[in-house]
Amino acid sequence: MKLLEERILKDGDILGDNILKVDSFLTHQVDYKLMKEIGKVFAQAYQDAGITKVVTIEASGIAPAAYVAEALDVPMIFAKKHKNITMTEGILTAEVYSFTKQVTSTVSIAGKFLSSDDKVLIIDDFLANGQAAKGLIDIINQAGAEVEGVGIVIEKSFQDGRQLLLDQGVRVTSLARIASFDNGQLNFAEADA
Ligand code: G4P
């Protein structure tokens, strides 16, 4: 997605060897016009997949996922990272290990929001090691629903996430794919949409 790649080059900051800071339009402040375009591109890529739900994980997946849901005209559900006192029954959970933070967290979705009839598109802001998406796939499978694909705004293609998901037989659609950060220079690989 050319518009996204241009925005990353204009406003993204490279931190250290492998972190891209995009807090001015995606992970903290949100550019809703860009999110709306992102929503349309994912909706077009999955227009024939019969998607009935969009699933993401809090926090930074929520903004793009909401616009994908709007474009597909289906509900969006975000997995919670902390148990809420109102989540009392029928909770589906998965353990997610973050290599970046070196912590394992339990993520959860109330089972009543997913059924075995659902065809789900997972959306997330970043794909690094793929652990968040793997946890969401686990939860969706527990509900007996089908994962039709994983849509990623920014993939770091030098990390293992894509391969992990492809090995599970899941379609991956990334709008920007970062091949490397060479001495502060960002290089893109060919994106999926
Ligand atoms: P994984 O989910 O692909 O396995 O990734 P990993 O554990 O490495 O990432 C942990 C968190 O760091 C995730 O957010 C992920 O989106 C984020 N992250 C990974 N690489 C980058 C990067 O280059 N830039 C930015 N800005 N974030 C990155 P999270 O902890 O779930 O946080 P949030 O969504 O609540 O902000």
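User: Where is A128 found?
Analyst: A128 sits in the loop between β7 (119-127) and α4 (131-142). Helices (H or I, at least four residues) and strands (E, at least two) are DSSP runs, numbered from the N terminus. This is a predicted model, in which local features need pLDDT of at least 70 and side-chain atom pairs count only at pLDDT 80 or more, while totals for chains, interfaces and linings use all residues. Residues are numbered from 1 along each chain as its sequence is written, and side-chain values use heavy atoms, with hydrogens and water left out.

User: Is A128 buried or exposed?
Analyst: A128 counts as buried because its relative accessibility is 18%. Buried means under 20% relative accessible area, exposed means over 50%, and partly exposed is in between (1.4 Å probe, protein chains only).

User: And what does A128 touch?
Analyst: Not counting residues up to four places away in sequence, A128 touches K156, Q159, D160 and G161. Contact means heavy atoms within 4.5 Å.

User: Which residues does UniProt list with A128 for "binding site"?
Analyst: The unreviewed UniProt entry lists A128, N129, G130, Q131 and A132 under that name. The lining of the largest pocket includes A128, N129, G130, Q131 and A132. UniProt positions are given in the numbering used here, feature names are shortened, and annotations may be inferred rather than shown by experiment.

User: What is a pocket, then?
Analyst: The search uses a 1 Å grid over the protein atoms alone. A pocket is an open set of points with protein on both sides within 12 Å along at least five of seven lines, whereas a cavity is a set of points where a 1.4 Å probe fits but cannot get out. Lining residues have an atom within 4 Å of a point.

User: Where is A132?
Analyst: A132 is in helix α4. With a relative accessible area of 22%, A132 is partly exposed. Its contacts, leaving aside neighbours within four places in sequence, are I57, V96 and D124.

User: Which other residues does UniProt list for "binding site"?
Analyst: L20, T27 and K156 are listed under "binding site" in the unreviewed UniProt entry. The lining of the largest pocket includes L20, T27 and K156.

User: Is K156 buried or exposed?
Analyst: K156 is buried, with a relative accessible area of 7%. K156 belongs to strand β8. Leaving aside neighbours within four places in sequence, K156 is in contact with N18, I19, F126, L127, A128, I178 and F181.

User: And L20, buried or exposed?
Analyst: L20 is buried, with a relative accessible area of 6%. L20 lies in strand β2 (residues 19-21). Not counting residues up to four places away in sequence, L20 touches several residues, including I8, F126, F181 and L186.

User: New topic. How many aromatic pairs does a search of the whole structure find?
Analyst: The search finds 2 aromatic pairs. In one of them, the ring centres of Y97 and F99 are 5.0 Å apart and the planes are at 85°, so the pair is edge-to-face. Rings of Phe, Tyr and Trp (its six-membered ring) pair if their centres lie within 6.5 Å; planes under 30 degrees apart count as stacked, over 60 as edge-to-face and the rest as tilted. Y97 is partly exposed at 32% relative accessible area, and F99 is partly exposed at 44%.

User: How far apart are the ring centres of F158 and F181?
Analyst: They are 5.7 Å apart, and the planes are at 70°, so this pair is edge-to-face. F158 lies in the loop between β8 and α5 (161-167) and F181 in strand β9, so the pair ties together parts that are 23 residues apart in sequence. F158 is partly exposed, with a relative accessible area of 34%, whereas F181 is buried, with 11%.

User: What is the bridge partner of F181 in β10?
Analyst: The partner is L186. Strands β9 (residues 172-182) and β10 (residues 185-189) run antiparallel and are joined by 5 bridges. Two strands pair if DSSP finds at least two bridges between them. The hairpin of β9 and β10 has 2 residues between the strands, and N183 takes a positive phi near 45° there.

User: Last one. Which ring does the charged end of R171 sit over?
Analyst: The charged end of R171 sits over the ring of Y46, 3.9 Å from its centre. A charge sits over a ring if NZ of Lys or CZ of Arg is within 6 Å of the ring centre and within 35 degrees of the ring normal.
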